[in-house]
Amino acid sequence: MAAADELAFHEFEEATNLLAETPEAATTSRSEQLTPQGHVAVAVGSGDSYGAEDEVEESDKTALLQEEKQQPGFWTFGYYQSFFDVDTWQVLDRIRGSLLPRPGHNFVRHRLRNRPDLYGPFWICATLAFVLAITGNLTLLLAQRRDPSIHYSPQFHKVTVAGVTIYCYAWLVPLALWGFLRWRQGVRERLGPYTFLETVCVYGYSLFVFIPTVVLWLIPVPWLQWLFGVLALALSAASLVFTLWPVVREDTRLAAAVLLSVVVLLHALLALGCKFYFFQPLPPAHVAPPPRATALPPRILLPPTSPWSVATPDGQSLQAQHERTLLPALPTLRP
């Protein structure tokens, strides 16, 4: 009988009072959520709240569907407009992150935050190209001021060379890197590469450090130019290595070492190419020296030449030959 009494239903005063105060309340009894005292959890709320939650969920779904339908195609300007939708503070923050790389600080996760942009990389590459061309011409002009033998003429083709070189490097190298990481992702399942736009964004911001370096290369001190170049290359390459390391560390050690070495080597080749092409003075123009007249000593006087002193081919003078021809014609005078 004791067991039957324990299994009988009992009314609880707390639940009865709550139901009396709010008749429209909904009660839920869950055996697994019983408190140690055995009280039943009572949920008090209006029945209209469920309908409001359903309406909110339906409105969210409708908004998401509308956004998916309104997303423009990649052939329209609206598709690329989102990649230029950044403010000044975001661009400056990303530039600061590329100038101050730190181990364990991922540029993509901490700076881009899954929102890559093309505004910063585009203008950084354009500025670097123009600064390279202008400073390269200024270097030759200053060299001509110091050494007049250097021939200088404005080299406008350097603008084209700089623009093609910088933009090709900032787009083709990230494309090759992204393709290689996608291929390695099929080999190593744990390898999760960045998107193509994230890779382009990382390379574009890593080139910013070369802009002030190129301006400092105007200082006509060779060892100081090389010092600035090495520092800029170290900062830029460190930014790339620290950003790519969380991705390539899941791969084999050999593949990760080769990939990072190629990235640093290509970056070094870009810096060296810019240094030797845009900042190498022209050789002095080879000009033939004017003829110099030799002065004779003032005390040496040349004797006057007589027509009778001219030697004939047989070695005799003209006067002796004339006398020999006239002597036979003279009559012999006898006493």
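I started at Leu132. Leaving out residues up to four places away in sequence, I found Leu132 touching Ala162, Ile166, Val214, Cys274, Phe278 and Phe279. I kept in mind that the model is predicted.

Next I looked up the largest nonpolar core. It has 43 residues. Leu128, Leu132 and Leu207 have the most contacts inside it. I then listed the elements that each supply at least two residues of this core; among them are helix 5 (88-99), helix 7 (119-146) and helix 8 (157-187). Helix 11 and helix 12 are also on that list. Which helix gives the most to this core? Helix 12 does, with eight residues. I noted the general background: in soluble globular proteins, nonpolar side chains tend to be buried together.

**Whole chain**

I then stepped back to the totals. The protein chain has 13 helices and two strands. Of its 335 residues, 28% are buried. I checked contacts between residues at least 6 apart in sequence; 68% of them join residues at least 24 apart. The accessible surface comes to about 24000 Å². Carbon and sulfur atoms own 65% of that surface.

One of about 550 Å² is made by Leu254, Val258, Val262, Leu265, Leu266 and Leu269. I picked Val262 from this set. Val262 sits in helix 12 (residues 253-278). Its relative accessible area is 41%, so I logged Val262 as partly exposed.

**Helix 11**

I took two residues here. Gln225 is in helix 11 (residues 222-248). Is Gln225 buried or exposed? Gln225 counts as buried, because its relative accessibility is 12% and the cut-off for buried is under 20%. Beyond residues up to four places away in sequence, Gln225 touches Trp217, Ile219, Pro220 and Lys275.

Leu233 is also found in helix 11. With a relative accessible area of 21%, Leu233 is partly exposed. With residues up to four places away in sequence set aside, Leu233 touches Phe210, His267 and Ala268. I also took a C-alpha distance: Leu233 and Leu270 are separated by 9.6 Å, at 37 residues apart along the chain.

**Salt bridges**

My search of the whole structure gave four salt bridges. I began in helix 5. Asp93 and Arg96 meet there through their side chains, at 3.0 Å from N to O. Both lie in helix 5, three residues apart, about one turn of the helix. Asp93 counts as buried at 16% relative accessibility. Arg96 counts as partly exposed at 43%. I also found Asp93, Arg96 and Arg111 linked in a network of salt bridges.

The side chains of Arg94 and Asp117 form another salt bridge, at 2.3 Å from N to O. Arg94 lies in helix 5 and Asp117 in the loop between helix 6 and helix 7, so this pair ties together parts 23 residues apart in sequence. Arg94 and Asp117 are both buried.

I went on to Arg184 and Asp251. Their closest N and O atoms are 2.7 Å apart, and the two form a salt bridge. This pair links distant parts of the chain: Arg184 is in helix 8, Asp251 is in the loop between helix 11 and helix 12, and they are 67 residues apart. Arg184 is buried, with a relative accessible area of 12%. Asp251 is buried too, at 9%.

**Aromatic pairs**

I searched the whole structure and got 10 aromatic pairs. Trp178 and Phe196 form an edge-to-face pair, 5.9 Å centre to centre, with 65° between the planes. Why does this pair tie together parts of the chain? Trp178 lies in helix 8 and Phe196 in helix 9, so the joined parts are 18 residues apart in sequence. Trp178 counts as partly exposed at 28% relative accessibility. Phe196 is partly exposed as well, with a relative accessible area of 22%.

Tyr277 and Phe278 also form an edge-to-face pair, 4.9 Å centre to centre, with 85° between the planes. Tyr277 is partly exposed at 38%. Phe278 counts as buried at 4% relative accessibility.

Last, I noted a cluster: ring pairs link Phe122, Trp123 and Tyr167.

Terms used
Residues numbered from 1 in each chain as written. Predicted model: local features only at pLDDT ≥ 70, side-chain atom pairs only at ≥ 80, totals over all residues. Heavy atoms only, no water. Patch = residues over 30% accessible without salt bridge, like charges linked within 9 Å, V, L, I, M, F, W, Y side chains within 5 Å. Areas by Shrake-Rupley, 256 points an atom, 1.4 Å probe, with all protein chains shown as cover. Helix = DSSP H or I, 4+ residues; strand = E, 2+ residues; numbered from the N terminus. Buried < 20%, exposed > 50% of the residue type's maximum accessible area, 1.4 Å probe, protein only. Contact = heavy atoms within 4.5 Å. Core = buried A, V, L, I, M, F, W, Y, C linked by side-chain atoms within 4.5 Å. Phe/Tyr/Trp six-rings, centres within 6.5 Å; stacked < 30°, edge-to-face > 60°.
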